[in-house]
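Please consider the structure shown below together with its sequence. The paragraphs that follow lead from strand pairing to helix packing.

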Amino acid sequence: LVMLLLLVPFILWDLAAYLMRRRGDRDPARRERLLRHFTEEELVAGRHHVSMHNRLAPISRALFYFYFLALLPGGLGARLEEALLLLLGGHWVLALPAFMLCILLFWTALHLPLDAYRELVIEHDLGLSTTSFELFVADRIKGFFVSWVLASVLAFCVLGLVRALPSSWPIPAAAALLGIGAVLTWISPWFIAPLFNKFTKLQDEALEADLRALVTRAGLKLQFIFVMDASRRSNYLNAYFTGLGNSRRVVLYDTLVKACPPAEILSVVAHELGHWRGRHIAKSFIMSSAGLVLGLLLLKALLGWGPALALLGFSSPDSLVLLVALPFLSTLTGTLTAPLGAALSRRFEREADQAAFELTGDPQAFISLEQRLVRKAQADLLTPKALHRWYASHPLPEDRIAAAQAYSGKRTRSAACPPKSS
């Protein structure tokens, strides 16, 4: 009951977010501004898309709260730990992977039907998903085992340090988690991503030459440019940078290569290059590191308070149940800190957009790309401003287009008024 009372503000926020998404932004001035760049049909399609998913939001949030309330104050996690330790002779090192397996199975059993309905019904009906039932099942099986292995490794590091350094574990634990994250970023393009997708060399030699020239202009070195078979799962368009050190590469969705002219592909890659040139990855890493250290220090303080341990359903800080409390508390904290992270992300995205204008010298390609991305994704163009400020990682589409137009106008004025020679 106490936990439920503490969760009331979060539940009320979930309800408010659901109602705001359902209503959408009804500001006529904003609609008029959007209609300068998008059609009425595209606005309607985006609203329909988000409303179909929004109907499932209360169920999804109810499952989230049920899962953690059952495992923590409900005592299911503590009973599971007790049974596994009894079965495995009290060896926590053996019990840990079994514990992680059980709680991941519980999570999957609760959420799999909803995930299947989203992917195989809603997204299929809207023409956005191309995933077959067989591929959906295969992805979930592979994803489950990858998650189990990685979660067990991370959990072993955290719990091992909690047990070995009971008075000073937060900073070493943060360092271990960040180090493992860096290693995973390095090896993922070689060992994890290929489990789910096929990556082939870009066959268009002219486009590859243009992309490499773009990378050179950005002052970066790049070894690989790959095309990913994204069309097996969806019709979404995307491109991204991944990897670390000698695994760094550009990945283009095959849907992007097929649907977009070269100028638009160069624009989306230039945007990603803008993140590298602006050192956004390094800055985000520093921010995340500071947040992780602070979060673990606060968690240690919380776990030193007896009533908090009792409320979370375990008796000592080195209990396996800590591995359930960590994601629960980080999710709740993430809701509170989301506006700060979202604002920082939008700032980085605006800087990356500017870099794309400068690197390509073609803001019109950026505008046509933005319109195509919205159309293909059936994106909601009427997201309420409050939700956008709270959660959105990217600027509004109309604002991104306005920035491209402003850059284009500035270039035109500069070309019309060349500097006078002395």
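In this predicted model, Phe199 has Met228 of strand β2 as its bridge partner. That bridge belongs to the pairing of strand β1 (residues 199-201) with β2, which runs in the antiparallel sense over 3 bridges. On the other pairing of β2, with strand β4 (residues 249-253), the sense is parallel and there are 5 bridges. Two of the residue pairs may be named: Ile225 has Val250 in β4 as its bridge partner, and Val227 is bridged to Leu252 of β4.

These pairings belong to an open sheet of 4 strands, arranged in the order β1-β2-β4-β3, with mixed pairing. From one strand to the next, the twist averages 35°.

How many of the residues of strand β2 (residues 224-228) are buried? The count is 5 of the 5, so the strand is largely enclosed by the rest of the structure.

The helices may be considered next. Helix α7 (residues 133-164) and helix α8 (residues 170-192) have axes that come within 9 Å and cross at roughly 160°. That angle makes α7 roughly antiparallel to α8, since an angle over 145 degrees counts as such. The crossing in which α7 passes α8 is right-handed. From α7, the residues that meet α8 are Val146, Leu150, Val153, Leu154, Cys157, Val158 and Leu161; their counterparts in α8 are Pro172, Ala173, Ala176, Leu177, Ile180, Leu184 and Ile192. By class, this contact comprises 14 nonpolar residues, with no polar and no charged ones.

The loop between α7 and α8 holds Pro166. Is this residue, Pro166, buried or exposed? Its relative accessible area is 58%, so Pro166 is exposed. Apart from its neighbours within four places in sequence, Pro166 is in contact with Leu161 and Lys300. Leu161 is also one of the α7 residues that meet α8. Lys300 lies 134 residues from Pro166 along the chain, yet their C-alpha atoms are separated by 9.1 Å.

A further helix pair has another geometry. Helix α11 (residues 262-277) packs with helix α15 (residues 363-377) at an angle of about 90°, their axes being 9 Å apart. The two helices, α11 and α15, are therefore roughly perpendicular to each other. On the α11 side, the contact is made by Ala263, Glu264, Ser267 and Val268, and on the α15 side by Ala365, Phe366, Ser368, Leu369 and Arg372. The residues of this contact divide into 5 nonpolar, 2 polar and 2 charged, whereas the contact of α7 with α8 has no polar and no charged residues.

How values were computed. Residues are numbered from 1 along each chain as its sequence is written. This is a predicted model: local features need pLDDT of at least 70, side-chain atom pairs count only at pLDDT 80 or more; totals for chains, interfaces and linings use all residues. Side-chain values use heavy atoms; hydrogens and water are left out. Axes are lines fitted to C-alpha atoms, for helices over the stretch in contact, and angles run from 0 to 180 degrees between N-to-C directions. Angles under 35 degrees count as roughly parallel, over 145 as roughly antiparallel, 65 to 115 as roughly perpendicular and the rest as oblique. A crossing is left-handed if the near helix is turned anticlockwise from the far one by less than a right angle, and right-handed if clockwise. Contact means heavy atoms within 4.5 Å. Ala, Val, Leu, Ile, Met, Phe, Trp, Tyr, Cys and Pro count as nonpolar, Asp, Glu, Lys and Arg as charged, and the others, Gly among them, as polar. Buried means under 20% relative accessible area, exposed over 50%, partly exposed in between (1.4 Å probe, protein chains only). Two strands pair if DSSP finds at least two bridges between them.
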